There are 2 protein chains.
Amino acid sequence: MPRIVVDVMPKPEILDPQGKAIAGALPRIGLTGFASVRQGKRFELSVDGEVTEQILEQAHQAAATLLSNPVIEDVTRVEVIEEDAS
Amino acid sequence: MPRIVVDVMPKPEILDPQGKAIAGALPRIGLTGFASVRQGKRFELSVDGEVTEQILEQAHQAAATLLSNPVIEDVTRVEVIEEDAS
């Protein structure tokens, strides 16, 4: 079953407290290789049958309205994946 | 600045109430092309300088311990991206 992946990340100028908390926790478990962390969301929309132009357009609409808040978040990816594992 | 992307998704056998809520909301705004939705997390770990083998190994460790709960989630991707936009 094909899926459409939608990635949503906090805008660069928006504070990301979850990312900051992770960045603070990493050194405490000995992982010191990272300068900063941002946390976003990843959605997988499953499609019955083929991904038509119309369904891809629907995915873009969903990404821009339901899946992200355009005031504080950017949609960084809307992409069809066909394989079972991603 | 290179970044390492970590994707974490709920295991297929685990109920995903957020995904279910989105799947229920899509038809209400006229988007009827989707069979189901899963919601996961996407992390971007920024690295100062080069991504060495050691830092990539640290990213895998972070993904398996801090960024995911292995009881209910799968790490589906740990990948270096070099470009500014993803």
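In the predicted model, strand 2 of chain A and strand 2 of chain B (residues 36–46) run antiparallel and are joined by 11 bridges. Within this pairing A:K41 has B:K41 as its bridge partner, while A:Q39 stands opposite B:F43. Strand 2 of chain A is mostly covered, nine of its 11 residues being buried. On the side of its own chain, the strand is also joined to strand 1 of chain A by six bridges, again in antiparallel orientation, and one of the pairs in question sets A:V6 against A:F43.

The contact between the two chains involves 38 residues of chain A and 38 residues of chain B. The size of an interface is often given as the accessible area lost when the parts come together. For chain A and chain B this area is about 3,000 Å², of which 62% lies on carbon and sulfur atoms. Of the area that chain A buries against chain B, 20% is supplied by A:F34, A:R42 and A:Q58, more than by any other three residues.

Polar interactions across the interface comprise 14 residue pairs in polar contact, both residues of each pair having a pLDDT of 80 or more. The elements of chain A that give two or more residues to the side touching chain B are strand 1 (3–10), helix 1 (17–25), strand 2 (36–46), helix 2 (53–65) and strand 3 (73–81). Strand 2 of chain A provides the largest share of that side, with 11 residues. By residue class, the side of chain A that touches chain B divides into 19 nonpolar, 12 polar and seven charged residues. Two salt bridges are found between the chains, and one pair that meets in a salt bridge consists of the side chains of B:R42 and A:D7, with an N to O distance of 3.1 Å.

In chain B, strand 1 is largely enclosed by the rest of the structure, because eight of its eight residues are buried. Both of its faces are covered, with B:R3, B:V5, B:D7 and B:M9 buried on one side and B:I4, B:V6, B:V8 and B:P10 buried on the other. This strand is joined to strand 2 of chain B by six bridges and to strand 3 of chain B (residues 73–81) by eight, and it runs antiparallel to strand 2 as well as to strand 3. Residue B:D7 takes part in both pairings, standing opposite B:R42 in strand 2 and opposite B:R77 in strand 3 of chain B.

The loop between strand 1 (3–10) and helix 1 (17–25) of chain B contains B:K11, a residue that counts as buried because its relative accessible area is 17%, which falls under the 20% limit. Leaving aside neighbours within four places in sequence, B:K11 is in contact with B:R38, B:P70, B:V71, B:I72, B:E73 and B:D74. In chain A, A:A23 lies in helix 1 and counts as partly exposed because its relative accessibility is 27%. The C-alpha atoms of A:A23 and A:D48 are 39 Å apart in space, and the two residues are 25 residues apart in sequence.

Technical notes:
Residues numbered from 1 in each chain as written. Chains lettered and ligands numbered in written order. Predicted model: local features only at pLDDT ≥ 70, side-chain atom pairs only at ≥ 80, totals over all residues. Heavy atoms only, no water. Contact = heavy atoms within 4.5 Å. Buried area = accessible area lost by both parts, 1.4 Å probe. Salt bridge = Lys/Arg side-chain N within 4 Å of Asp/Glu carboxyl O. Polar contact = N/O pair within 3.5 Å; in protein donor to acceptor, adjacent residues only side chain to side chain. Helix = DSSP H or I, 4+ residues; strand = E, 2+ residues; numbered from the N terminus. Nonpolar A, V, L, I, M, F, W, Y, C, P; charged D, E, K, R; others polar. Pairing = 2+ DSSP bridges. Buried < 20%, exposed > 50% of the residue type's maximum accessible area, 1.4 Å probe, protein only.
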